[in-house]
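I opened this notebook to record what I looked up in the structure shown below. The entries follow the order in which I went through it.

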Amino acid sequence: AEKPNVVILATGGTIAGAGADATNSATYQAAKVPVDKLIAGIPQLKTIAEVRGEQVFQIASESFTNDNLVTLGKRVAALVKQGDVDGVVITHGTDTLEETAYFLNLVVRTDKPIVLVGSMRPGTAMSADGMLNLYNAVSVAASKDARGKGVLVTMNDEINSGRDVSKMVNLRTEAFKSPWGALGMVVEGKNYWFRLPAKRHTNNSEFDIEKIDTLPSVEIAYGSGNASDTAYRAFAAKGAKAIIHAGTGNGSVSSAVVPSLQELRGKGIQIIRSSHVNAGGFVLRNAEQPDDKYDWVVAHDLNPQKARILAAVALSKTQDSKELQRIFWEY
Ligand SMILES: NC(=O)C[C@H](N)C(=O)O
């Protein structure tokens, strides 16, 4: 039987990292190993798919920019349109993997599997996790039963939705979790599914990377005790179109910051309240702050970095705060 065709788009990260010694599991350089070498290191890939690699970037993911997102998105969209491509895998640093996964989930119109994967240890380390993670990613991307489920992330044998999943801990290989649970598991080349995403994505999205060439500036300011309005004002002065408030608790805002956010909203900047609580926040409209009165938006269950992605994508289409709020409920 003919094997499915899977393209691996490599962007760098620890999965392409190299350390000086096998004991260096945490001290190494990310984004060193080219994609062809990663593929050659796993001869078993040939048994599950026809695999070819493309080096899109070679960067650590903390340095990913909006331009990187747009370039990658356009390449993925072009590939999934090809009849000779059945699935796409993207190797990526883990630090912003959740942002890229959510971005592609919003803007690439396809049913074909798009799977992001990274690793927590470089390939040179003892018990490196990248090899099995990449094998699993190719196996999921090659499978028909992964179609139509939105952009996926395979790490540590779990299949998570690119919308929900987040890096929850560092250093450990069990780093990625979704607050709503994994969609399934991939074990020895077979997928076991347990749930489906409920939010709009890919083919059912109103956004399309083919119509997006740049993303507006959306910045994140962190809430804590003794918070000041300095960061919010500085972002506004630099031209931010929206500011994500990475709020305490329910997305609460300190009384020292509230008047400034009202003022910035009056100048046309969108104010979006999210929560930075670790295990998954959930911000409700008009709870903690009168969002209707102030014309602010709430980020629903999206963490600040995912809220940044959705706000940037949404603002490429609308400047209306009510539309923005609808989009935050639906995606
Ligand atoms: N584990 C990793 O991939 C971390 C690395 N700093 C990156 O995101 O590129």
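Entry 1: How far is an oxygen atom of the ligand from an N or O atom in the side chain of Ser61? I found a separation of 2.5 Å between the ligand oxygen and the Ser61 side-chain atom. I note at the outset that this is a predicted model, and I read each distance as a computed value.

I then turned to the nitrogen atoms of the ligand. A nitrogen atom of the ligand is 2.9 Å from an N or O atom in the side chain of Glu62. With Ser119 the backbone is involved: one of the backbone N or O atoms of Ser119 lies 3.0 Å from a nitrogen atom of the ligand. On its own the ligand has 270 Å² of accessible area, and the protein covers 92% of that area.

I listed the surroundings next. Around the ligand I recorded Gly13, Thr14, Ala60, Ser61, Glu62, Gly93, Thr94, Asp95 and Ser119. By class, this shell has six polar residues, two charged residues and one nonpolar residue.

Entry 2: the largest pocket. I looked up its volume and found about 380 Å³ of space. The lining of the largest pocket has 24 residues, and those closest to the pocket centre are Ser166, Lys167, Asn278, Asn303 and Gln305. I checked which elements supply at least two lining residues each, and they are α4 (97-107), β7 (166-167) and α9 (304-315). Helix α9 gives the largest share, three residues. I counted the lining by class as nine polar, eight charged and seven nonpolar residues.

Entry 3: the second largest pocket. Here I noted about 270 Å³ of space. Which residues line the second largest pocket? I wrote down Ile15, Gly17, Val33, Lys37, Leu38, Gly41, Ile42, Gly123, Ala128, Gly130, Met131 and Leu134. Both α1 (35-40) and α5 (130-141) supply at least two residues of this lining, and the largest share, three residues, comes from α5. The lining of the second largest pocket divides into seven nonpolar residues, four polar residues and one charged residue.

Entry 4: the cavities. How many cavities of 30 Å³ or more does the structure hold? I found two. The largest cavity has a volume of about 40 Å³. Its lining consists of Thr110, Asp111, Lys112, Pro113, Ile114, Ala146, Gly148, Lys149, Gly150, Val151 and Thr202. I sorted the lining of the largest cavity into four nonpolar, four polar and three charged residues.

The second largest cavity has a volume of about 30 Å³. I recorded Asn105, Ser161, Arg163, Pro197, Lys199, Arg200 and His201 as its lining. In this second lining, three residues are polar, three are charged and one is nonpolar.

Entry 5: salt bridges. I looked up the total and found that the structure holds 24 salt bridges. I followed one of them, between Glu54 and Arg75, where the closest N and O atoms are 2.8 Å apart. Where in the chain do Glu54 and Arg75 lie? Glu54 belongs to strand β2 (residues 50-59) and Arg75 to helix α3 (residues 66-81). The two residues are 21 residues apart, and the pair links distant parts of the chain.

Note on methods:
Residues numbered from 1 in each chain as written. Predicted model: local features only at pLDDT ≥ 70, side-chain atom pairs only at ≥ 80, totals over all residues. Heavy atoms only, no water. Near = heavy atom within 4 Å. Polar contact = N/O pair within 3.5 Å; in protein donor to acceptor, adjacent residues only side chain to side chain. Areas by Shrake-Rupley, 256 points an atom, 1.4 Å probe, with all protein chains shown as cover. Nonpolar A, V, L, I, M, F, W, Y, C, P; charged D, E, K, R; others polar. 1 Å grid on protein atoms, 1.4 Å probe; cavity = no way out; pocket = protein on both sides within 12 Å on 5 of 7 lines; lining within 4 Å. Points joined across faces, edges and corners; volume = space filled by probe spheres on them. Salt bridge = Lys/Arg side-chain N within 4 Å of Asp/Glu carboxyl O. Helix = DSSP H or I, 4+ residues; strand = E, 2+ residues; numbered from the N terminus.
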